[in-house]
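Subject: The two-chain model, with notes

Hi,

Here is the structure I promised to pass on to you. Have a look at it first, and then read on for what I found when I went through it.

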Amino acid sequence: MILIAIDHAHGAPRRGAFELVSAARGLGSDVAAVVLGGPEAAPVAAALAAFVPSVVHVDDAALDHPSHERRTTALASVAGELGAEVVLLVAGRGGQAVAPRLALRLGGTLLEDVAAVRRDGTAVVAERLAYLSRASLTVRATAAPVVVSVKPGAYPAAAPADAPGSVASRSVAFTAADDAARPGERRSVARGRVALEEADVVVCGGRGLGDAASFERLVVGLADELGAGVASTRAVVDAGWRPYDEQVGQTGKSVAPKLYFALGVSGAVQHLSGMNRSGTVVAVNKDGDAPIFKASDYGIVGDVREVLPALRAALAGLD
Amino acid sequence: MIIATYVKHVPDAEARLAADGGRIAVDDHAYALDGMDEYGVEAAVRLKEAGLADEVVALAIGPARSEAALRTALALGADRAVLLETDDDLDPLAQAGPLAEATRACGAELLLVGGKQADWDSAALGPAVAEALGWPVCDWTTELRLEGREVAAVHDVDDGSEAWSASLPVVVTTQQGLNEPRYPTLPNIMKAKRKPLERRPLTATARVVTLAAALPSRARRGVRLEGDAATVASELARRLRDEAKVL
């Protein structure tokens with residue numbers, strides 16, 4: 001059977017959960033979802049039951065914002081009990097930390113940050129990027145169970161199933177090693193804007209904006225008008241204009257929106273590795289030789305500070 | 001207290017790649033110490049300079065050329081180095097056991113690993129070696145303090161950042177923002193050549209097999225829009241709506 005680990009926030013599954021449902025359905029029909037967390041997670045489990053035949057809610061407040069170790073133990077316990085052949089997680093920050101621990105704990109294999117996963121006979125085969133996303137590898141797991149972390153956005157969100165599934169609650173026993181790490185206060189950076197990895201449109205600004213105030217006025221301004229996520233290059237983050245969590249690229253986040261604006265971005269390979277799965281890419285840069293133009297669908301050579309106000313007016317003028 | 005810091009010799013960002021049968025071929029001279037690991041070396045050296053650690057040991061897994069990455073770590077301030085030498089392409093889970101053993105063998109209680117290795121684009125090694133050691137892991141760390149045996153850190157999570165604390169021993173994965181790594185000076189590069197570097201042969205079995213490798217290039221429209229700002233802006237808006245159909 002295929003087990004999917006559900007991320008949730010504010011009492012609802014995150015978008016990645018429904019992408020995992022799609023990935024799991026491609027591997028088999030015997031799909032179960034596991035939801036971790038106290039009473040606040042109960043509606044999450046109920047919501048998932050509309051999508052998969054079976055949902056396990058590990059009902060324990062010790063799993064609200066758990067350490068990677070607690071999360072690993074809870075998932076390993078459910079995967080072991082259900083005899084999961086494949087466990088799918090979203091390859092976000094948390095999923096990428098838990099998936100390797102879980103794979104080792106289960107004595108299995110890890111296929112990490114995959115763009116696609118399928119069965120080939122009894123084997124599990126996946127496509128993933130390597131070398132700063134410049135190369136694509138087809139990889140096969142040599143031992144079961146196979147833990148797979150799936151790249152956010154790689155699969156479409158699934159539609160509900162024809163028949164609703166069942167929800168079962170269970171508990172889990174933790175060991176002292178699971179409590180060695182003490183996660184503390186969280187600082188959320190959502191600020192009411194769409195999460196970068198979940199945004200259909202991403203507006204990214206680079207050093208070409210000139211200063212932090214121009215970035216705020218032009219890039220954030222356009223993003224707010226479009227309901228888009230705001231992204232930055234490493235140079236902008238290093239300059240202290242924007243926070244680290246907005247950075248897209250090798251050392252930051254990897255995004256794949258339908259539309260990506262690269263504004264005043266030169267397009268270093270480290271940056272391209274974080275955005276080259278995007279649908280349509282628009283680049284504005286005053287250097288016509290900047291590498292970003294080779295990675296773009298639409299390029300405008302010009303000062304982003306002049307082009308952007310005109311673009312905002314033009315977008316607002318579309319009927 | 002002994003700190004171990006993992007370093008990897010990876011192709012630099014500009015390295016030319018070729019798809020060669022079922023694998024990716026890289027120019028041998030295009031390798032360097034992984035930038036992500038530099039933050040770990042720097043953090044370890046700073047803890048030692050602050051009198052909070054007695055020794056910094058750089059650990060690497062890879063072919064003989066990985067010695068260059070270890071020499072760089074030594075030039076940056078590590079005291080000694082250990083290379084677990086193998087020509088096999090080992091996935092992170094296959095590396096976790098040997099790296100855990102080497103960490104225990106040098107008596108380290110803090111292991112620093114780059115948040116993501118630039119060859120496999122993998123963030124798995126830190127958490128995997130933590131599992132092999134039975135230690136907690138703090139991943140994507142941006143702040144790290146050590147008081148006695150207590151580690152206090154701040155790290156990235158999916159929605160922002162989170163405070164994190166634990167007692168030694170721990171694994172910490174490093175990234176940009178943790179510190180500003182120093183550059184190796186010429187005298188330190190010379191000194192590094194005389195620091196101890198131990199090679200041990202490594203036999204391990206890969207758990208993941210690469211069946212095929214390719215260098216995809218996504219077809220882009222490559223349309224260049226020219227004219228004054230108002231003209232190109234309205235042309236772009238129209239094309240995004242009518243041609244790309246994304247608005």
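The feature I would start with is an open sheet of 10 strands with mixed pairing, in the order S12(A)-S11(B)-S10(B)-S9(B)-S12(B)-S8(B)-S1(B)-S6(B)-S7(B)-S13(B). Its edge strands are S12 (181–188) of chain A and S13 (197–201) of chain B, each of which pairs on one side only. On average, neighbouring strands in this sheet are turned by 25 degrees against each other, direction ignored.

Please keep in mind that this is a predicted model. It scores ipTM 0.92 and pTM 0.89. For chain B the mean pLDDT is 94, and 100% of the residues reach 70 or more.

**Chain B overall**

Chain B has 6 helices and 15 strands. Its C-alpha trace spans about 65 × 45 × 40 Å along the principal axes. Of its 247 residues, 51% are buried. Among contacts in chain B with a separation of 6 or more, 71% are between residues 24 or more positions apart.

**Around strand S6 of chain B**

Strand S6 (residues 55–62) of chain B runs parallel to strand S7 (residues 80–85) of chain B, and 6 bridges join them. Two of the bridge pairs here are Ile61(B) with Leu84(B) and Gly62(B) with Glu85(B). S1(B) is also parallel to S6(B), with 5 bridges between them; there, Ala4(B) stands opposite Val57(B). S6(B) is mostly covered, with 7 of its 8 residues buried.

Helix H3 (residues 92–105) of chain B lies across S1 (2–6), S6, S7 and S8 (108–114) of that chain, and runs at about 155 degrees to S6(B). H3(B) has 14 residues and reaches 20 Å from its first C-alpha to its last, close to the 20 Å expected. Like S6(B), which is mostly covered, H3(B) is mostly covered, with 10 of its 14 residues buried. The buried residues of the helix include Leu93(B), Ala96(B), Leu99(B) and Thr103(B). After H3(B) comes Gly107(B), with a positive phi near 80 degrees.

**Where the chains meet**

How many residues of chain B are in contact with chain A? There are 69, and they touch 75 residues of chain A. On the chain B side, H3, H4 (125–133), S9 (137–147), S10 (150–157), S11 (160–167), S14 (208–214), S15 (223–225) and H6 (229–242) each supply at least two residues. H6(B) gives the most, with 9 residues. By type, the residues on this side of chain B divide into 42 nonpolar, 11 polar and 16 charged.

The sheet itself takes part in the meeting of the chains: S12(A) pairs with S11(B) in the antiparallel sense, over 6 bridges. Within that pairing, Arg187(A) has Ser161(B) as its bridge partner.

Another residue to look at is Leu129(A), in strand S8 (residues 123–130) of chain A. Leu129(A) counts as buried because it has 21 C-beta neighbours inside 10 Å, the cut-off being 20 or more. Leaving aside neighbours within four places in sequence, its contacts are Ala115(A), Ala135(A), Ser136(A) and, from the other chain, Asp121(B). The C-alpha atoms of Leu129(A) and Val114(A), which are 15 residues apart along the chain, are separated by 7.5 Å.

**Backbone details to check**

- A cis peptide bond joins Ala144(A) and Pro145(A), with omega about -5 degrees. Pro145(A) is in the loop between S9 (135–141) and S10 (146–150) of chain A.
- A cis peptide bond also joins Leu168(B) and Pro169(B), with omega about 5 degrees. Pro169(B) lies in the loop between S11 and S12 (170–174) of chain B.
- His10(A), a residue other than glycine, has a positive phi near 55 degrees. His10(A) sits in the loop between S2 (8–9) and S3 (12–13) of chain A, and counts as exposed because it has 9 C-beta neighbours inside 10 Å.
- Tyr131(A), again not a glycine, has a positive phi near 55 degrees. Its place is the loop between S8 and S9 of chain A, and with 23 C-beta neighbours inside 10 Å, Tyr131(A) counts as buried.

Happy to talk any of this through.

Best wishes

How values were computed: Residues are numbered from 1 along each chain as its sequence is written. Chains are lettered from A and ligands numbered from 1 in the order in which they are written. This is a predicted model: local features need pLDDT of at least 70, side-chain atom pairs count only at pLDDT 80 or more; totals for chains, interfaces and linings use all residues. pLDDT is the predictor's confidence in each residue, from 0 to 100. Two strands pair if DSSP finds at least two bridges between them. Helices (H or I, at least four residues) and strands (E, at least two) are DSSP runs, numbered from the N terminus. Axes are lines fitted to C-alpha atoms, for helices over the stretch in contact, and angles run from 0 to 180 degrees between N-to-C directions. Two residues are in contact if their C-beta atoms, placed from the backbone, lie within 7 Å. Ala, Val, Leu, Ile, Met, Phe, Trp, Tyr, Cys and Pro count as nonpolar, Asp, Glu, Lys and Arg as charged, and the others, Gly among them, as polar. A residue is buried if 20 or more other C-beta atoms lie within 10 Å of its own, exposed if 12 or fewer, and partly exposed in between; C-beta atoms are placed from the backbone. The expected span of a helix is 1.5 Å times one less than its number of residues.
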